Amino acid sequence: MIKVTVWNEYYHEHESEKVREVYPNGIHSAIAEFLKTDENLLVRTATLYENNLTDELLNDTDVLFWWGHMKHSAVPDELAQKVQERVLHGMGFIALHSAHHSKPFKKLMGTSCNLRWREDDKHERIWNVCPTHPIAKGIDLFFEIDKDEMYGELFDIPKPDDLIFITWHPGGELMRSGCTFRRGNGKIFYFQPGHETYPIFYDKNVQKVLFNAVYWVAPDVIDPEIISCKHPESPEQAYLK
Ligand code: ZN
């Protein structure tokens, strides 16, 4: 059983009729709904709007999804710190779309995470450039999304461990759109599609990628002891006694 928590700001949905039409119960609920079809996952949600990502829930989470955009600065520094520490101890972290600028993701990356962007209602083609990676399992050489915001290079992230997807935009831009990182014991996946005004989280390919990502970032064990600072005797001491 993998314990998944889907976190969303949940402000766009309250403030925009257009977003509410696409995600009447919030982006988090749409993601949770398809994840719940897998009985190996225990799926819960939390939002900034409801202020309900408690210590108890975070400390009982194996994989945390993060969708944020307009309220990055409203996320308490203390919460971002707790998320970072939980990742270092082993929790998987999946940053979606505009979460590239979220406090937890930037803390984990250590860079600006800036990129180029443009809302131009165009399609995008997502190329699978690492078909042997578990996150790309079942995904064709490429798939297309009808409409999304353009996110393009230069994306100021550290060199990814695995580059799994590259997105092509009709405007000419490219984007490293599916990247993995390891920080401490934790595994991280960033995935670019997912602007709030488009039904991207209902897309079957996107859902397949996110299912795969849950299983890939999920930890075998979350144990701060593994990376704790120790001052032991030398193992050879045992022979000298
Ligand atoms: Zn967006």
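Modeller: Donors are N, O and S atoms within 2.8 Å of the metal (3.2 Å for Na, K and Ca), and a site may look incomplete since water is not among the atoms. The model is predicted, with local features requiring pLDDT of at least 70 and side-chain atom pairs counting only at pLDDT 80 or more, while totals for chains, interfaces and linings use all residues. Residues are numbered from 1 along each chain as its sequence is written, and side-chain values use heavy atoms, leaving out hydrogens and water.

The zinc ion has as its protein donors His-97 through NE2, Glu-149 through OE and His-195 through ND1, at 2.0 to 2.1 Å. Along the sequence, these donor residues follow the spacing H-x51-E-x45-H. His-97 is in the loop between β4 (92-96) and α6 (103-109), whereas Glu-149 belongs to strand β6 (residues 142-152), so this pair ties together parts 52 residues apart in sequence. Helices (H or I, at least four residues) and strands (E, at least two) are DSSP runs numbered from the N terminus. Both His-97 and Glu-149 are buried; buried means under 20% relative accessible area, exposed over 50%, and partly exposed in between (1.4 Å probe, protein chains only).

Thr-180 is a further buried residue, because its relative accessibility is 0%. Strand β8 (residues 174-183) contains Thr-180. Among the residues that Thr-180 touches, not counting those up to four places away in sequence, are His-133, Ile-135, Asp-162, Phe-189 and Trp-216, a contact being heavy atoms within 4.5 Å. With Asp-162, the side chain of Thr-180 makes a polar contact of 2.6 Å. Such a contact is a pair of N or O atoms within 3.5 Å; within protein, one must be able to donate a hydrogen and the other to accept it, and residues adjacent in sequence count only if both atoms are side-chain atoms.

Charged pairs come next. Side chains of opposite charge can pair when their charged atoms come close. A salt bridge here is a side-chain nitrogen of Lys or Arg within 4 Å of a carboxyl oxygen of Asp or Glu, and by this rule there are eleven. In one of them, the closest N and O atoms of Arg-44 and Asp-60 are 3.0 Å apart. Arg-44 is in strand β2 (residues 41-47) and Asp-60 in the loop between α4 (55-58) and β3 (63-67), so this pair ties together parts 16 residues apart in sequence. Arg-44 counts as partly exposed at 25% relative accessibility, as does Asp-60 at 27%. Together with Lys-3, Arg-44 and Asp-60 are linked in a network of salt bridges.

Lys-82 and Asp-55 also form a salt bridge, at 2.8 Å from N to O. This pair links distant parts of the chain, with Lys-82 in helix α5 (residues 77-88) and Asp-55 in helix α4, 27 residues apart. Lys-82 is partly exposed, with a relative accessible area of 27%, and Asp-55 is partly exposed at 40%.

Asp-77 is in helix α5 and Lys-103 in helix α6, so the pair ties together parts 26 residues apart in sequence. Asp-77 is exposed, with a relative accessible area of 57%, whereas Lys-103 is partly exposed at 23%.
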